[in-house]
Amino acid sequence: MSLLEVEDLTVHFKIRRGLTRKSIDTVHAADEVSFSLERGTTLALVGESGSGKTTVAHAILGLNKPQKGSIVFAGRDLLALSRGTQRTARRGMQVVFQDPYSSLNPRMTVHDLVAEPLRVGSEISGDALRERVVELLEMVGLGTQHLWRRPHEFSGGQCQRIAIARALALSPDLMVLDEPTSALDVSVQARILTLLHRLQIELTLSYLFIAHDLAVVESVASAVAVMYLGKIVESGPTATIFEDPRHPYTLALLASVPSPDPDRRSAGAALSGDVPSAIDPPSGCRFHPRCKFRMDVCDQEIPPLEDRDGRRIACHLPRDFDLSAEQEAARAARSTAVVEDRQRSRARPRGDETPVPKMPRRW
Amino acid sequence: MEFRSLRGVVKALNGVYLTVHEREIVGLVGESGCGKTVTGYSVLGLLPKPQAQVTSGRILFKGDDLLAKPQQEMRALKGKVISMVFQDPLASLNPVFTVGEQISRVVRVHHDLEKKAALEAVRTALQATGLPPTDALLKSYPHQLSGGMRQRVCMAMAISCGAGLLVADEPTTALDVTIQMQILKLLLRLRDELGVSQILITHNVGVAAQTCDRIAVMYAGNVVEEGPTADVLKRPRHPYTLALIECLPQGKSAEQLKTIPGAVPDLIDPPAGCRFHERCAHVRDICRDTMPTPFEVARDHWTACHWVQEKSGRGVGVTTGHEPGVGAAGVPFNRDPGIEHTAGGGPATGESGDDIRRE
C-alpha cells in the first residue's frame, strides 16, 4: 500500500474584502489533484509559480483547509480525523522549506532548534536528548562544534542541513521538501541532494519533492507530477515523463530548461505569454490559451486525468498525435554539458561528504 | 576593488580581466559572492563611494577609462550608452509612476525631446522588447504587469536611449523557466537586431550556455577562465570550471552528483596564492603562495592556473610567451602578464578591463 494517497484534493482560497469580509473572488489554487507516493521513493511535484504545488504540500501538512478530497497517510484519511488525532497522525511527516534562514529561529541555538521537536514529540530528555541531537547533526554532516551556534553563523547550505536534522528528529516516514535547494548555489545544491539521497536509503524515507528545476527533479525523483494552474496535467515514472513526454505543457516546460550544452541551443521560446490568473482560470483545459495544439474541444471540456501509455495524462489530443518534433526539442534541452576533454577522469574533485553513520531506525 | 567594512577590508575583486567586443554577449558565471555583480556595478560606477575603493585597474569603454571620468560625464553615459537591467524588476521600477512616465523620463534626461516625441521613443523601445506599445500598457503601473512583462519594461528602459552596452544582472533569476527562455531569446534579439553588446551576469551555467558568445568564470573575485562559450563548457581547463560543471544535476542520478569540497573563502582574509587552492584536487606547492596569471591555453581561451600551465609544458610560475598587450587574434589585450602576486605582499592588484573597440 502506498504511504501517501491524495485523491481529488481541492483547495480554494476566498478573497474577502470590505467590512463584512464578503467573499468576492475565489482562487482555484488546487483542483482535483490526485497522486500517490510509495514508501521509500521520491515523488516530485513540478510546475511554475502559481501552479499549486506548494498549496498541495501545505494541505498534506495541514497548513491549509482543503474544500474536498482525501489525504490518506499511512492508512488513515487525515481530513476525516479530528484535529487532535490529525496532529498525532501527522507526526510521521516533516517539512523542509525553501529558505533556510527564515525557517530557523535566529534566536535559538542549533541544539535548541534540533531538540525542540524531540521535547514536544518524544519522551527523551537530559543526556539522551543531547546525544540524540548530536547524532542527528552528525547524520547531516555537522558536529558537536556547531551545537551552540546560531543560524546567522552558518552558510545557506549548512542552515539547510540544520533544517533537515530538525525534520529528521522524530524519525518521520514522509519528508515534504519544498524547494529545498532553490536558494542554494549549484555546488552546495549538489551536496544537499547527495545528502538527501543518502538519508533516504539509510532511513527508508519517502520524499514529496517540490521543485521548479527540472534537472534537479530528474536526478532525484522516481515519479513526477507536472502541475499547471492547480491541476495535474501529466504524472508518471520519471523516466517515462522525461523520455517520452506527451502533454504539450510538459513538453514546453522541458524544452524551456536552458541546457548547459552550448551546442544544443533551443530555437525559440517554447511558450509565449504568461500563466493566466487562478482567480478566473480558463474554461476547459486550463492550458488551452497557450497550447500550440489547441482544438475546438479544448476550451469547452475539461480533459479528465486518465491512465494511458504508462502514465496519467489530462489532454484531449488523440493518442497517436505526432509530437516527435516537440519531444526532440524537449530532449535537446536536457542534454548535459559534456566535458569532452581527456582530463575529465583525472580532474575529479575529491569527495568530502562525511559518511552518514549507520543508525538504528528506532531508539 | 576593495570594500571597507566593519570587519575589515573585503578584497572583492582581485585581477578581473574581461573584454567585451561589439555585438557580443559575455557571460559572467560564478557562485554567490564571487564578484560577478561587483564587476557589473563597477562598469557603471554604481558602487557606494567611500566604502568601495578601486585600488588599481582600468575599465576601458571604447578606449576611454571610465574610472578616470568625472562624475558628471559618467552620469551622461549611464542609462544612455551603458545601461543595466537588474534581477528583481519590481524593485527596480518605481511603483508610483506608469510605465510610459518612467521610461520617457529616462529618454528626456538624455535627449532633448518634447513629451510627445519621447513617448514615441518609448513605444519603439517597448516594441523592441516584444511588448505591445499600446496606450493601455503606457498607462499601467508596474504592479499591474506580470513578472516577464516587468522585466521587458526594464529592458525597454535600458535600451530606450540606444545603449551600446547592457549589463544584465541575473535578469531571469526571478522568473519561471518558460518566461526565462522568452527573455533569453530577447537578449539574443537585442544583440542581433540592435547590436547591443551585453554582459550577462548569471549563476546558471545553462543560461550562459544558451545565450553567451563568450564566458568568464569567476571564483572568489578572480576570473579563473575565459573563452568562447563552447570551449569553456566543453573543454574546461581550470579545475574550478570543471567542478562547477560537474555539479550540475543534468542527466545524473543523485549518486552520480559531484560536489566541491570545502567552502568559498572569506574575502576579508583570502587564502594566499590561488584562491581556489584549498578546494582544488590538483593543488601544487606553488599554488599556495603564488597567484597564477592568466595565460592562453587555446585560441582566445584563457585560464589562470598553475596546474594547467605545468601540464601544458610551459613551466610553473613563468608568464607565458604572448606579447603584452596583444591577444591571440592580433587584437590588443589589456592584460598585464608581468605582475607576479606573492603571498601577503603588496595590495591586491585588480584590473577590471572592459573595452569595446570598433565603433
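Mentor: A pocket, on a 1 Å grid over the protein atoms alone, is an open set of points where a 1.4 Å probe fits, with protein on both sides within 12 Å along at least five of seven lines; lining residues have an atom within 4 Å of a point. This is a predicted model, in which local features need pLDDT of at least 70 and totals for linings use all residues. Residues are numbered from 1 along each chain as its sequence is written.

Trainee: What volume does the second largest pocket have?

Mentor: About 970 Å³, a volume being the space filled by probe spheres set on the grid points, which are joined across faces, edges and corners.

Trainee: Which residues lie nearest its centre?

Mentor: A:Leu61, A:Leu63, A:Arg87, A:Arg90 and A:Met93, out of 26 lining residues.

Trainee: And which element gives the largest share of the lining?

Mentor: H4(A), with four residues; helices (H or I, at least four residues) and strands (E, at least two) are DSSP runs, numbered from the N terminus.

Trainee: Changing topic, in what order do the eight strands of the open sheet run?

Mentor: The order in chain A is S6-S7-S8-S3-S9-S10-S12-S11, with mixed pairing; two strands pair if DSSP finds at least two bridges between them. The edge strands are S6 (93-96) and S11 (306-308) of chain A.

Trainee: How many bridges join S9 and S10?

Mentor: Six, in the antiparallel sense, between residues 223-228 and 231-237 of chain A. Within this pair, A:Met227 stands opposite A:Ile232.

Conventions
Chains are lettered from A and ligands numbered from 1 in the order in which they are written. This is a predicted model: local features need pLDDT of at least 70, side-chain atom pairs count only at pLDDT 80 or more; totals for chains, interfaces and linings use all residues. Side-chain values use heavy atoms; hydrogens and water are left out.
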